[in-house]
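Me: I would like a close look at one residue in this model, followed by an account of the parts around it and elsewhere in the chain. Please keep it plain.

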Amino acid sequence: MADPKAQLKLMGSKQSIELPVRSGTLGPDVIDVNQVGKNGVFTFDPGFVSTASCESKITFIDGGKGVLLYRGYPIEQLAEKADYLEVCYLLLNGELPNKTQKQAFTNNITMHTMVHEQMSHFLNGFRRDAHPMAVMMGVVGALSAFYHDSLDISIPEHRMMSAYRLIAKMPTLAAMCYKYSVGQPFVFPRNEMSYAENFLNMMFQIPSEDSKPDPVLVRAMDRIFMLHADHEQNASTSTVRLAGSTGANPFACISAGIAALWGPAHGGANEAALNMLEEIGDVDRIGEYIKRAKDRDDPFRLMGFGHRVYKNYDPRAKVMRDTCHEVLEAVGAHDNPLFKIALKLEKIALEDEYFVEKKLYPNVDFYSGITLSAIGIPSTMFTVIFALARTSGWISHWIEMISDEAQRIGRPRQLYTGADTRDFVPIDKRK
Ligand code: CMC
């Protein structure tokens with residue numbers, strides 16, 4: 001059967017351009033505009049609102065129905081039944097691991113959890129009050145200066161080795177950033193612990209006491225990692241792909257992804273959402289903030305609300321809300337005032353005409369801040385944890401892109417609206 005086609009007809013021109021229409025497994029068809037440029041026009045889509053930037057087999061979102069699938073598996077099922085390392089394997093390889101594959105994968109990760117000792121000297125160069133995201137961008141980018149033996153991106157084994165190293169070292173580096181900021185000694189990784197337990201241990205263990213992370217908090221942390229592992233072509237993943245399309249090494253690309261994630265419209269929203277709930281401070285003040293969020297002249301937005309793709313409840317937010325509940329119970333904070341404000345705020349917003357009409361629902365960041373805070377994690381580390389978890393998604397996309405033989409450098413075009421061609425004016429003749 002011939003490809004279905006769309007036709008692009010420019011007013012005033014006799015010619016029309018035939019464009020192939022492609023269908024994926026799920027989701028809307030796409031009009032392939034790749035050849036439009038050869039006809040002397042470009043397509044214009046700031047913010048990529050209507051543009052699919054690549055073909056991918058990793059993650060699918062149906063924003064209207066509130067569906068999120070990793071390699072076809074619903075996020076709710078994975079969050080309940082899998083663990084983060086299984087999800088990493090799934091994202092990287094396309095299938096869930098069997099027992100032997102899972103054991104081998106876990107061994108590969110634990111074999112790389114330590115970082116080069118020189119890294120701690122490098123980290124020591126930062127100010128102790130630096131934002132941990134600033135430090136993470138630096139130290140993750142710097143991994144390319146430490147692991148030269150896996151940087152040939154044309155070799156599949158090197159690509160996979162970089163993936164193992166990144167997934168394994170992110171918790172170690174994230175915990176080091178935290179320990180550095182509070183002036184405590186770094187804690188070495190423990191390979192007999194699970195991924196999430198090891199992370200919490202490196203965050204909170206101190207040499208003067210014997211302690212082990214609470215299993216409820218470990219499970220919650222693991223679920224937070226799974227919920228944040230991938231989200232198809234979001235701003236940071238697209239950044240990783242764009243940086244990677246130039247042939248840059250994976251550590252540099254992930255560092256670019258961390259930079260893109262930092263902004264409050266993206267990964268920084270979890271920190272901003274908690275700050276907002278603290279600022280509201282009392283359920284009686286919710287109305288005032290809802291009013292501000294609706295005021296076009298006020299730049300204030302309800303943080304943790306709204307999404308470019310979800311026009312329904314973010315499925316991650318539902319799991320996050322339940323996890324938040326479990327964590328608050330476990331730490332004896334079921335009366336947590338911020339959680340009460342969040343629940344009430346959500347209820348009011350979901351019934352408010354403005355939010356209903358614009359289809360603004362809570363996103364994953366709405367409840368993740370309260371949960372992380374109850375686990376004992378300071379708000380400046382929230383986005384670092386998002387970056388740690390998203391590393392598996394970023395590196396899976398990077399591998400998918402580099403393995404694609406049709407891959408080319410990403411090079412968007414523009415609609416130029418600057419000055420027309422003009423002659424140089426010597427300085428003494430300028431106004
Ligand atoms: N509070 C109040 N109004 C909002 C909000 C909000 N949180 N989000 C969107 N709107 C309004 C916005 O003012 C606009 O109104 P109008 O059509 O009258 O101009 C309309 O809804 C559409 O918003 P938009 O900014 O055009 O939508 P977008 O797709 O460009 O932005 C967003 C999506 C997530 C950046 C935005 O909803 C937002 O700023 N939310 C708060 C920040 C946040 O929670 N971000 C985390 C996203 S989820 C985690 C992740 O994937 O990184």
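Is Glu 279 buried, partly exposed or exposed?

Reply: The model is predicted. Glu 279 counts as partly exposed, because its relative accessibility is 44%, and that class lies between the limits of 20% and 50%. The residue belongs to helix α11, which covers residues 269-280. Leaving aside residues up to four places away in sequence, Glu 279 touches Arg 285, Tyr 289 and Arg 292. Leu 338 lies 59 residues from Glu 279 along the chain, and the C-alpha atoms of the two are separated by 9.9 Å.

Asn 363 is buried, because its relative accessible area of 8% falls under the 20% limit. Its side chain reaches the backbone oxygen of Gly 306 at 2.9 Å. Gly 306 is also among the residues that Asn 363 touches, along with Gly 304, Phe 305, His 307, Asp 314 and Ala 317, again not counting residues up to four places away in sequence.

Helix α17 (residues 382-403) is mostly covered, with 20 of its 22 residues buried. At 1.5 Å a residue the helix should span 32 Å, and its end C-alpha atoms are 32 Å apart, so the two values agree. Two residues numbered within α17, Ile 385 and Leu 388, are touched by Phe 199.

Phe 199 is one of the residues that touch the most other members of the largest nonpolar core, which has 115 residues. Met 136, Val 140, Met 221, Phe 225, Leu 302 and Ile 377 are also in that group. Apart from this core lies another, of five residues, including Ile 17, Leu 19, Val 21 and Val 36. In soluble globular proteins, nonpolar side chains tend to be buried together.

Ile 17 leads on to the strands. Leu 8 has Ile 17 in β2 as its bridge partner. Strands β1 and β2 pair antiparallel over five bridges. Their hairpin has six residues between the strands, and Gly 12 takes a positive phi near 85° there. Strand β2 (residues 16-22) is also joined to β3 by two bridges, again antiparallel, and Arg 22 stands opposite Val 30 in β3. Together these strands form an open sheet of three in the order β1-β2-β3. β1 (5-9) and β3 (30-31) stand at the edges with a single partner strand each, so one side of each has no neighbour in the sheet.

Strand β4 (residues 59-62) runs antiparallel to β5 (residues 67-70), and four bridges join them. Ile 61 has Leu 68 as its bridge partner in β5. Four residues separate the strands of this hairpin, where Gly 66 has a positive phi near 75°. β5 also pairs with β6 (residues 73-74), antiparallel and over two bridges. Here Leu 69 stands opposite Pro 74 in β6. The hairpin of β5 and β6 has two residues between its strands, and Arg 71 takes a positive phi near 50°.

Conventions. Residues numbered from 1 in each chain as written. Predicted model: local features only at pLDDT ≥ 70, side-chain atom pairs only at ≥ 80, totals over all residues. Heavy atoms only, no water. Pairing = 2+ DSSP bridges. Buried < 20%, exposed > 50% of the residue type's maximum accessible area, 1.4 Å probe, protein only. Polar contact = N/O pair within 3.5 Å; in protein donor to acceptor, adjacent residues only side chain to side chain. Contact = heavy atoms within 4.5 Å. Expected span 1.5 Å × (residues − 1). Core = buried A, V, L, I, M, F, W, Y, C linked by side-chain atoms within 4.5 Å.
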